[in-house]
Amino acid sequence: MARLVLQSIIHGPTYSNFYLTQMTDNIIDRDELQEQLIQWDLNQMSLNDLREYFVNMQNAELDSLSVDELIEEVKQYNPSLLESKEN
């Protein structure tokens, strides 16, 4: 396996490397494993952890928007927030 990784780094992906990846995917249901890890991680979090995570993710998402895009988001989900700014 180390030889394949080294060969892949030096020469790029090979059929053998692709085949091993495919073989591993057939042995392990990736989606199921991923879901199990997510559920485990979620169960480790407190309500405060979840709130903090949500706020961080929302800030990251909303920070990527222009002012006009942010206004459109607010109009779609909670237009009352803009009403107080218009008066």
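**Figure 1. The whole protein and its surface.** The protein exposes about 8,000 Å², and carbon and sulfur atoms supply 56% of it. The model shown is predicted. Its fold holds 6 helices and 0 strands. From the N terminus on, the elements run α-α-α-α-α-α. How many of the residues count as buried? Of the 87 residues of the protein, 6% do.

**Figure 2. A negative patch on the surface.** Four residues build this patch of negative charge: Glu61, Asp68, Glu69 and Glu73. Which element gives the most to the negative patch? Helix α5 does, with 3 residues. This helix covers residues 67-77. Glu69 has its place in helix α5. The relative accessible area of Glu69 is 42%, so the residue is partly exposed.

Figure 3. Glu72 pairs with Lys75 in a salt bridge. The closest N and O atoms are 3.6 Å apart. A salt bridge needs such atoms within 4 Å, so this pair qualifies. Where do the two residues sit along the chain? Glu72 and Lys75 are 3 residues apart in helix α5, so about one helical turn separates them. A search of the whole structure finds 1 salt bridge, and Glu72 with Lys75 forms a salt bridge.

**Figure 4. A nonpolar patch on the surface.** Ile27, Ile28 and Leu33 form this nonpolar patch. Together they have about 300 Å² of accessible area. Which helix holds Leu33? Leu33 lies in helix α3, which spans residues 30-43. Leu33 has a relative accessibility of 47%, so this residue counts as partly exposed.

Key:
Residues numbered from 1 in each chain as written. Predicted model: local features only at pLDDT ≥ 70, side-chain atom pairs only at ≥ 80, totals over all residues. Heavy atoms only, no water. Patch = residues over 30% accessible without salt bridge, like charges linked within 9 Å, V, L, I, M, F, W, Y side chains within 5 Å. Areas by Shrake-Rupley, 256 points an atom, 1.4 Å probe, with all protein chains shown as cover. Salt bridge = Lys/Arg side-chain N within 4 Å of Asp/Glu carboxyl O. Lys, Arg positive; Asp, Glu negative; His and termini not counted. Charge placed at Lys NZ, Arg CZ, Asp CG, Glu CD. Helix = DSSP H or I, 4+ residues; strand = E, 2+ residues; numbered from the N terminus. Buried < 20%, exposed > 50% of the residue type's maximum accessible area, 1.4 Å probe, protein only.
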